[in-house]
Amino acid sequence: MAKGGKQDRSPATRLVTSGRSGDFSDHVVNPPVWRASTHLYPDCEALREGVKSNADGQFFYGRRGAPTQWALCDALTELEPGAAGTVLYPSGVAAIVGSLLAVLRAGDVLLVTDNAYDPTRNTAMGLLKRFGVEHRFFDPLDHEAFEAAFCDRTKAIMLENPGSLTMELCDIPALARIAREKGAVSLMDNTWATSLGFHALEHGCDIAITALTKHVGGHSDLMMGAASAGERWYRRLRQTAQQLGHVVSPDDASLALRGLRTMGVRLERETATALELARWLDAREEIAHVLCPMLPGSPGHELWSRDFSGGCGLFSFVLKGRDDVARCRLIDALELFGIGYSWGGFESLALPFDVTPVRSKMSWPKEGWGLEDTCGIRLSIGLEDPADLIADLEQALAAMDEG
Ligand SMILES: *Cc1c(COP(=O)(O)O)cnc(C)c1O
């Protein structure tokens with residue numbers, strides 16, 4: 001419980017109190033939507049003074065934010081132990097690209113985890129390459145190969161945990177320590193756990209990136225991203241974002257703040273339901289592998305217990321000996337799970353995935369699996385009753401084999 005200092009309070013409490021200092025909220029519970037591009041100054045001297053300070057809380061021009069956005073930045077910074085500040089971006093991808101551009105320059109080499117979110121891979125292979133940054137993918141489970149992948153031009157590493165789609169958990173503190181020893185900056189996409197479930201900066205990363213589109217928005221009606229960092233990288237992130245012209249609207253910032261208030265209870269409920277479904281799927285003979293590090297006994301579960309303080313509703317599974325036609329029959333038969341990209345909303349979603357095209361260092365099927373174990377499905381669990389979701393999966397599994 002609270003011992004006085006703000007950081008001593010539990011995350012559940014900080015989700016309620018953060019970003020609500022009277023400074024930006026105008027003394028109402030939710031900071032109002034404060035729309036503005038232009039500040040009017042009384043005279044030329046005040047105008048010249050105004051440009052000098054580039055900090056949250058100093059309204060100068062809309063591109064540097066305004067009270068609603070600052071309140072959200074404040075809240076996210078308070079929730080990320082070790083952060084000096086947070087920069088907002090118009091999407092999660094913009095946060096990833098904006099952070100990479102803040103750190104890298106032509107001639108640098110970037111190491112990217114092989115199970116990164118696909119658009120992150122594409123940024124390395126496309127945009128960054130065009131601007132003279134080289135990349136190498138690495139298997140995050142192979143520390144020796146990771147260490148060997150560094151050269152004297154390696155400037156940064158891009159981490160993600162668990163891995164996109166295939167859900168491998170890696171040892172972030174160990175990888176970040178190696179990177180630090182080699183003089184490289186560690187960036188981490190922490191969208192899955194958020195700062196509630198994993199403290200990226202405390203675990204050795206320099207920049208913690210979150211797609212707010214997912215759990216923070218929480219209602220599938222918002223696109224936004226954020227990057228939090230200690231003083232040094234926060235300054236650089238802020239400067240680069242302003243140079244790139246990244247802004248978010250006060251309306252969206254207000255929605256993100258609203259989502260943030262309930263994120264803790266949503267994540268708890270989604271985690272509990274996901275675990276129930278993962279256990280149920282694990283016992284089904286149609287399923288070859290459940291990819292859910294939160295599940296006791298699963299690969300990565302020890303790291304999960306060691307490093308994470310919370311999970312979420314996103315996990316995957318692999319069908320046993322079924323082909324894509326059977327997989328589509330299963331997904332099409334689902335009534336409660338929507339078919340669509342994204343995740344972290346209050347509604348459940350299902351997505352077929354094949355990772356061969358988006359991996360270059362990690363094999364699929366994995367070592368020890370059957371050759372036919374390739375047909376993956378990712379589930380994003382929402383707030384529905386778990387019994388209804390299980391009944392839906394049960395009828396869809398039957399439909400899969402009736403076809
Ligand atoms: C969705 C997602 C993003 C990107 O977020 P957008 O807001 O859709 O651009 C980044 N990382 C991960 C892991 C994601 O799932």
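**View 1. A cluster of aromatic rings in the predicted model.** In this predicted model, ring pairs join Trp192, Phe198, Trp304 and Phe308 into a cluster.

**View 2. Phe198 with Phe308, a tilted pair.** How do these two rings sit against each other? The Phe198 and Phe308 rings are 4.9 Å apart, centre to centre, with 35 degrees between the planes, which makes the pair tilted. Phe198 comes from the loop between helix 9 (194–197) and strand 6 (207–211), while Phe308 belongs to the loop between helix 12 (301–307) and strand 9 (314–319), so the pair ties together parts that are 110 residues apart in sequence. Is Phe198 buried or exposed? Phe198 has 0% relative accessibility, so it counts as buried. Phe308 is buried too, with a relative accessible area of 9%.

**View 3. Trp34 with Phe59, an edge-to-face pair.** Here the ring centres of Trp34 and Phe59 lie 5.2 Å apart and the planes make an angle of 75 degrees, so this one is edge-to-face. Trp34 sits in the loop between helix 2 (22–25) and helix 3 (44–50), and Phe59 in the loop between helix 3 and helix 4 (67–79), so the pair ties together parts 25 residues apart in sequence. Trp34 is partly exposed, at a relative accessible area of 35%, whereas Phe59 is buried, at 14%.

**View 4. Arg121 over the ring of Phe137.** Look for Arg121 lying over the face of Phe137. The distance from the ring centre is 3.8 Å.

View 5. Which residues come nearest to the ligand? Of the 13 residues around it, those are Gly92, Val93, Asp189, Thr213 and Lys214. Helix 5 (residues 92–103) gives the largest share of the shell, 3 residues. By type, the shell divides into 6 nonpolar, 4 polar and 3 charged residues.

Technical notes:
Residues numbered from 1 in each chain as written. Predicted model: local features only at pLDDT ≥ 70, side-chain atom pairs only at ≥ 80, totals over all residues. Heavy atoms only, no water. Phe/Tyr/Trp six-rings, centres within 6.5 Å; stacked < 30°, edge-to-face > 60°. Helix = DSSP H or I, 4+ residues; strand = E, 2+ residues; numbered from the N terminus. Buried < 20%, exposed > 50% of the residue type's maximum accessible area, 1.4 Å probe, protein only. Lys NZ or Arg CZ within 6 Å of the ring centre and 35° of its normal. Near = heavy atom within 4 Å. Nonpolar A, V, L, I, M, F, W, Y, C, P; charged D, E, K, R; others polar.
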